[in-house]
Amino acid sequence: METAQRAPETIGTVLADLNSAQYAAVTHDDAPLLIVAGAGTGKTTTLASRVAWHISNGIDPRRILLLTFTRRASQEMTKRVDGILRRLRGDGARGPGGSAVWGGTFHAMGTRLLRLHGASIQLDPGFTIMDRGDSEDLMGVIRSQLGLARTDRRFPQKGTCMDIYSRCVNSQHPIGDVLRSSFPWCLEHEDDLKRLCADYVERKIETGVLDYDDILLYWLGLLEDPAAGAEVRKRFDYVLVDEFQDTNALQARIVQLLRPDGRGVTVVGDDAQSIYSFRAADVRNILDFPTLFDGVDVLPLEQNYRSTQQILDATNRVIAGASERLEKNLWTAREGGELPAVVSCHDEDEQTDFVIRRVLELRETGLQLKQQAVLFRATHHSLPLELELQRRNIPYKKYGGLKFTETAHVKDLGAILRLAENPRDLSAGLRVLTLLPGVGPATAQRLMEALTEGGGDFLTWADLPTPTPAAKFAWASFVPLMIDLTRPDPMDLSAQVHAVREMYAPLLERRYDNATARLRDLEQIERLAARFDDRLTMLADMALDPPAWAEDLAGPPVLDEDFLILSTMHSAKGLEWDAVYLIHAADGNMPSDMATGSVEEIEEERRLFYVGCTRAKDWLYVCFPLRYYKSPWNHTDAHGYAQLTRFIADGCRDAFREEAGGVRGERDTDEPADPAVSGAAIKTRLRAMWA
Ligand code: ATP
Ligand code: MG
């Protein structure tokens with residue numbers, strides 16, 4: 001370990017790497033500041049430096065609120081802040097650091113504030129949090145209870161109901177408007193949907209649970225309350241927001257109410273990278289930011305530090321096709337480089353081969369696997385690649401898609417703990433009770449009612465007869481567990497998880513395949529639990545910030561560990577790699593078939609594609625298979641032909657070079673493969689065995 005002290009540096013030398021526009025932004029006075037700038041121009045870097053700047057000026061880090069899109073982003077920024085502060089103090093010196101900053105997502109920071117101040121707006125600070133899946137489940141329960149599942153006209157599924165509800169809340173638009181604009185096929189159900197949403201709201205209030213949207217709503221309510229709002233406002237001198245283009249109306253209003261005069265507010269973003277309108281994010285937020293406060297200063301950043309000129313030229317062309325955006329003047333000093341490539345592949349297998357071959361070739365030249373990333377539109381797009389990587393023993397990590405905490409067994413364990421934390425939590429209770437053999441939704445509902453009548457004391461259940469004969473054994477261990485978990489002198493958290501695991505293991509084995517791997521996941525959670533002070537914090541973490549959990553669960557970090565990154569384009573926001581492979585860049589996948597309903601949706605897909613391409617520093621490969629087999633398992637050779645994504649095909653193909661995905665020189669991908677060696681031929685042979 002290094003113990004040598006280094007001489008403290010001045011802020012001037014520490015910030016010497018910044019260009020003059022970045023420096024001006026970092027050292028800008030307290031007037032509200034907006035930075036709208038293109039990808040890779042150092043917006044996030046500038047924001048982190050500005051936090052360090054404030055601290056170096058003597059601001060208590062606990063008085064700074066730094067809002068980011070993911071926990072990972074917040075951790076990386078605070079690390080950077082710490083680095084700057086260490087240089088200012090000289091190595092080894094201790095003092096207030098970036099980690100004392102209030103940093104995290106809107107939801108995580110809102111939760112923290114509501115636990116502290118909720119009581120002043122009659123919110124029980126012990127609230128539990130439902131994740132998106134739990135919310136849908138609760139919506140589903142109410143939907144059946146109201147008899148909506150049984151009407152002759154097909155009523156929207158629980159997921160759609162939740163989408164509609166959430167859209168109304170986040171956009172702050174009445175349901176009629178939301179249905180007309182986004183869910184016109186549900187318009188005939190407007191009255192019933194209103195009833196459903198009203199009941200959903202009631203049920204959450206009665207049971208002391210908050211869903212994702214509630215966290216923002218209560219936070220806003222807290223700020224609107226004259227007394228409580230003043231208390232919250234007193235906490236912070238500075239509020240900084242990264243990726244402001246992806247905030248929604250509620251979030252913008254929260255920022256406004258946190259600092260009504262705008263002093264100390266800095267937001268950064270890029271309208272061309274706005275990709276979350278399906279979650280009611282509104283790009284108008286960033287464009288209209290100057291109207292939010294008086295005297296907003298707008299600073300541009302124009303130098304791109306990420307990509308080579310060749311890549312920047314191509315990505316500028318891709319976004320130039322967008323119909324509505326702020327014109328930006330991006331340039332880079334990173335001359336030359338390889339032209340980005342459009343890689344046409346015979347089929348998906350060849351695409352997989354190409355990516356792996358090129359990844360390994362670049363690794364031979366000294367590029368680590370983790371400096372390379374494969375990006376895709378939909379999480380299932382990477383499955384064949386994942387299988388092949390596993391087969392060849394190439395380590396990888398995947399961001400986005402189904403999160404660890406969304407897997408059924410982890411949710412079951414979480415629900416047991418949640419029910420212990422809040423015995424009124426209906427979605428947790430119904431989930432847990434229906435795990436017991438023979439217990440269906442009606443019995444579960446009855447048991448939850450009894451529990452509520454008994455004041456949430458699990459002894460109530462001990463006094464009841466076994467609910468059904470089939471549940472006899474499980475019930476005999478389940479009820480004592482719940483009583484144990486709610487003792488006034490609770491066991492430590494790992495011991496609690498251990499006890500839950502013991503009771504739950506036989507249920508898990510009965511219910512799911514792959515039990516051994518699942519049980520191992522639960523052991524990991526038991527180990528992780530030791531890191532948390534209390535159950536409520538751990539549960540909130542599981543519900544709000546799952547990606548870091550999945551990361552943590554990958555085991556203790558090994559320094560020389562190297563792995564390829566796989567990510568959805570959405571989850572790649574804000575990140576960068578030396579080499580980027582976009583796979584399945586065929587029309588239908590990119591833009592997605594699911595999103596080609598309207599001009600706005602296509603435009604959002606274009607921005608998403610732009611986000612993907614602008615992650616690349618030196619190498620960019622846009623790959624697409626020419627053929628898609630109609631059946632995923634190739635039971636027939638029937639296939640359709642794919643076209644390169646329109647975002648390149650329409651007008652900027654000449655900014656890319658063409659490459660064939662097959663082994664160079666072996667064959668041209670457009671020609672039919674040699675039948676003697678093709679996968680199709682082998683499959684035909686295999687099938688013939690059973691003909
Ligand atoms: P995005 O729009 O993708 O979020 P961004 O504008 O936030 O990008 P950053 O991620 O902050 O950009 O920076 C992009 C890259 O440029 C990073 O590798 C960063 O370290 C580097 N960079 C930023 N500013 C400078 C600078 N002044 N000198 C050298 N490198 C810089
Ligand atoms: Mg950024």
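Guide: Cys161 counts as buried because its relative accessibility is 1%, where buried stands for under 20% relative accessible area, exposed for over 50% and partly exposed for what lies in between (1.4 Å probe, protein chains only). The model is a predicted one, in which local features need pLDDT of at least 70 and side-chain atom pairs pLDDT 80 or more, while totals for chains, interfaces and linings use all residues. Residues are numbered from 1 along each chain as its sequence is written, chains are lettered from A and ligands numbered from 1 in the order written, and side-chain values use heavy atoms, without hydrogens and water.

The closest cysteine sulfur to that of Cys161 belongs to Cys197, at 7.3 Å, which is too far for a bond. Cys613 is likewise in no disulfide, with the sulfur of Cys652 the nearest at 8.8 Å. Cys613 is buried, at a relative accessible area of 1%. Over the whole structure the search gives 0 disulfides, a disulfide being a pair of cysteine sulfur atoms within 2.5 Å.

Helix α19 (residues 426–433) is mostly covered, with 8 of its 8 residues buried. Among the elements they pack against are α6 (132–145), α9 (190–207) and α22 (472–485), by contacts of heavy atoms within 4.5 Å. The N-terminal end of α19 is capped by Asp425, which has a side-chain oxygen 3.4 Å from the backbone nitrogen of Ser427. Such a polar contact is a pair of N or O atoms within 3.5 Å; within protein, one must be able to donate a hydrogen and the other to accept it, and residues adjacent in sequence count only if both atoms are side-chain atoms.

Helix α17 (residues 383–391) has Leu385, Glu386, Glu388 and Leu389 buried. Viewed down the axis of α17, these fall within an arc of 165 degrees, so they line one face of the helix; the arc is that of the directions from the helix axis to the C-beta atoms. Leu387 and Arg391, on the other side of α17, are exposed. The cover over the buried residues of α17 includes α16 (348–364), β12 (372–376), β13 (396–399) and β14 (564–568). After α17 comes Asn393, with a positive phi near 60 degrees.

Gln256 sits in helix α12 (residues 249–258) and is buried, at 18% relative accessible area. Apart from neighbours within four places in sequence, Gln256 touches Leu292 and Phe293.

Of the 18 residues around ligand 1, Asp17, Lys43, Thr45, Glu576 and Arg615 come nearest, where near requires a heavy atom within 4 Å. Helix α3 (residues 43–56) gives the most to this shell, 3 residues. A nitrogen atom of ligand 1 lies 2.8 Å from a polar side-chain atom of Gln22. An oxygen atom of ligand 1 is 2.9 Å from a side-chain N or O atom of Arg306. Of the 640 Å² of accessible area that ligand 1 has on its own, the protein covers 82%; accessible areas come from the Shrake-Rupley method with a 1.4 Å probe, and for residues only the protein chains shown count as cover.

Conventions. Helices (H or I, at least four residues) and strands (E, at least two) are DSSP runs, numbered from the N terminus.
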